[in-house]
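Subject: Structure for your study

Dear colleague,

Please find below the sequence and structure that I am handing over to you. I would be grateful if you kept them open while reading the notes that follow.

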Amino acid sequence: MMKKYPLEFRVNGKKFSVEVRPNVTLLRLLRSLGFTEVKSGCEKGDCGTCAVLMDGEPVNSCLTLALQAQGKEITTVRGLGTMENLHPIQEAFVKHGAIQCGFCTPGMVITAKAFLDKNPNPTREEIREAISGNLCRCTGYQKIVDAIEAAAKKMRGAR
Amino acid sequence: MELKEFKVIGKRLPSHDSIEKVAGQTKYADDFGLPGMIYGKILRSKYPHARIKRVDTSKAEKLDGVYCVLTHKDVPHNAIVTRFGQTRAVGGFEGIFRVLAESKVRYYGEPIALVAAETEEIAERAIDLIEVDYEEMVGVFDQKEAMDPKAPQIEEGKSNVIARFKIRKGNVAKGFEEADVIVENEYMSQFIDHAYLEPEAGVAWVEDDGSITIRVSTQVIEHYREIAHVLGIPESRVRVITPKIGGGFGGKEDITVEYYLALLAWKTGRPVKIVQSREESLSFRSKRHPYKFRYKTGAKKDGRIVAVEAELISDAGAYMTLSPWVLLYSTVNAVGPYNIPNVKVDSYTVLTNHPPSGAYRTFGAGQACVAYEQQMDEVAKKLGMDPVEFRKKNYLRKGDTMANGVEVLNTVALSETTDRVLEALGPKPKPSGPKKLVGFGIASGMSSYGRMIFLHDTSRSKVRLELDGSVTIECGVQDVGAGQEASLCQIVSEVLGVPLKKIRIISGDTAATPIAGTTTATRQLYMSGNATLKAAMKVRENILNKASEILGADPAELIIEDEKIKKKDGESISLRDVAVACAEDGIELFCEAQFNAPFGEVPDPETGQGRVFPDFTFGTVGAIVEIDTETGEVEVKKIASAFDVGTAINPMRVEGQIEGGASMGIGWALSEDVKFEKGVAKAQSLAEYIVVTAVDIPDIKSIIVENHDGLGPFGARGVGEVVLTPVAPAVINAVADALGRRIKELPITGERILLAIKDQV
């Protein structure tokens, strides 16, 4: 049995102190801690369903070792907004019909958040480029692009 | 009672479950666990065709943390007869399916043994400790080669050809004599994976009374019957629940992990979870049937088609499962939405040493469309006619007779959908540079909605008005994300005047919800939509009768909207008060209703004449592509899709289907390929199996045509599958137009394009 190492990090503002083996991915750790909104679609970094923010930067949690999160702040889709108080990006996904099966949605929303933080006024082409690492098999991406475009507009207005 | 002015139907309302999904609340199959849960893993064959000489599980059993190791000897009914139809079993195409391999394996990855252990890691180590001695056998990996009587037999002592169908309409010999041109071609379609984002997963446990519950991502909860049969226990002692499904597309129509979960839970008494990896999903799960086609078409100079002769051969993989029925769909769809007097179709499905092929969005209609729509362009070319004009001359119309001798009963709006597509695309643009080629392609297609009528399909749904005026729907639909539940909510909202936020739907549970049949065959809106409408109308009738007493008005004079029952003069009473009044008087505030599809018999096997489907949905897709002749890269510049959906219950969701279907069809034409080599999948990750990303496709122009004469609620037709049917051939035809020649191998990769350009020079 591999040795376990201490890890302290925060998820959606809450502090966690755990012990993990060095081969455990951040994806597996987050899911075992109950953050099942972080989805596992391939565990090879090909699909983007497991995307989370690590200190504001998007990462595929399946390609990130849990121990790399030492001292970091992780944000999942549940950290952005709640059912009663959705983030503008989440609200736009709902309004524009950007969600079908919903399995890609948490990763897609996280990627959109990281992107709009850097580029608050994107073109549709830039949005497509930004989400090109997140696969969706249901929607053909169009309503996701619509949603991100609309969210960007709303968030610009709010500034 | 007629509902003419819609308040909710036809509105772009967000689905009721999109908020929970976007907030990360939805618990998919793998997002659920129970105390004391252990983990299952599957030992899979290392050869595509081999005898099993010995299986030794003793070392695995001794490993600490292992709860059980199972082989076929531990399965009460390991060899089961696969039949088709959850409602009515239709004979003639029974196949033997083995839960775990016995004396031989028939495909690479076939399950041989199961392990349940304390952790996934221990289960994996135990799998590695199981010893299997194989004696490799010669395999067969091509459906045409497998038809040879000398080919290795997959089910020993039996022909590999497991089903064949025929269509005989008119006299093709006479038709070809009358023809001015005859065009003959061969086409193919490749192995395609569903590539849903959620791999197959589930949890099973034993209830206090000893019965088994399986919570699994499935399009067919009614498999509980087969699971009970494998375990040798009554059907009433197996319960299947499906949570929200992370994509299905037909890939979760067959049983995935249910047998393994049930067996491991039953043997250990512990809750057991199995989650398949992406590699397992890509390598071993069912795929879209590859086909080999031969088409011969005769046409007159004026563009009228006089005869079509077609041969279709599909690769069923190593077990029969759904292959005969997929083949029947292809056969009935073989000449597409065209009025052709003389038709001869011969179709075959053949066992090989590939993983079992299975259901995949369009269920065989899409492969047929890939062939007949390429052939339409080739015939137009030979006639020197515009492919659009040529199609228009031959489109089916209401009242025409289809290839299977059945009259078209409802509108076929193909001329309109085609015109709308042309208008949306505009003229073919000039190439963007000297090394670029531009092409335009069009394809029309059809797909049935509702199951084959000889299955005598039914669906049940229950609507219950609560005493505070809110509503509960109970219906056993499986929601794959296309709005299966949401459409039912919208129907009830319309009929009972209750806002969506006050409607709750409970779905997908064989023990708790009325059986609503499979989420397959584009049937849920049609079947469960009609059942739910029927139930809601009964509740509405009871409410209106009570309200008419209270308000002193004729029930026919009353309207229900905004949670009120209103008289024409404006006097009203709240739905809640009427509900309370009904309850006091013992008037039923609920109804469980059943909807029956039209029932029929299996068509004549020698002629294929006879109705197979309740109805079809028709439409057209057009594409403009640009090819870079230096890299071989194809860019889809524009794509437009138009379908007559009857009535759009929710146009936003219909567009979502059209857009998703378009992206899937572009992948089919240009990039997706599981690529089996000697039975082993070469694409084992989503880096190697290329589905389209957001940058690979343009904005899709969705065009919704509504003729309001479908068989679904409020005149709706099903759209879930047909939106994919003509997409790949439209793109393929556009590439052929650009290149001036046709590449008949799919997918049309950059490499194939460069080779074609090189050949031409």
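In this predicted model, the contact between the two chains draws 44 residues from chain B and 44 residues from chain A. On the side of chain B that touches chain A, helix 1 (18-22) and helix 16 (651-670) of chain B each contribute at least two residues. Helix 16 of chain B gives the largest share of that side, seven residues. Sorted by class, the side of chain B that touches chain A holds 20 nonpolar, 13 polar and 11 charged residues.

Turning to chain A, you will find six helices and five strands. Their order along the sequence is β-β-α-β-β-β-α-α-α-α-α. Chain A has a radius of gyration of 16 Å, close to the 15 Å that the globule rule gives for 159 residues, so chain A is as compact as a globular protein of that length. The C-alpha trace of chain A spans about 50 × 30 × 25 Å along its principal axes. Of the 159 residues in chain A, 58% count as buried. If one takes the contacts in chain A between residues at least 6 apart in sequence, 59% of them join residues at least 24 apart.

As background, an α-helix has 3.6 residues a turn, so residues three or four places apart point the same way.

From helix 10 of chain B, Gly366(B), Cys369(B), Val370(B), Glu373(B), Gln374(B) and Asp377(B) take part, meeting Ala728(B), Pro729(B), Ile732(B), Asn733(B) and Ala736(B) of helix 17 of chain B. By class, this contact between helix 10 and helix 17 of chain B comprises six nonpolar, three polar and two charged residues.

Yours sincerely,
A colleague

Conventions
Residues are numbered from 1 along each chain as its sequence is written. Chains are lettered from A and ligands numbered from 1 in the order in which they are written. This is a predicted model: local features need pLDDT of at least 70, side-chain atom pairs count only at pLDDT 80 or more; totals for chains, interfaces and linings use all residues. Helices (H or I, at least four residues) and strands (E, at least two) are DSSP runs, numbered from the N terminus. The radius of gyration is taken over C-alpha atoms; the globule rule is 2.2 Å times the number of residues to the power 0.38. A residue is buried if 20 or more other C-beta atoms lie within 10 Å of its own, exposed if 12 or fewer, and partly exposed in between; C-beta atoms are placed from the backbone. Two residues are in contact if their C-beta atoms, placed from the backbone, lie within 7 Å. Ala, Val, Leu, Ile, Met, Phe, Trp, Tyr, Cys and Pro count as nonpolar, Asp, Glu, Lys and Arg as charged, and the others, Gly among them, as polar.
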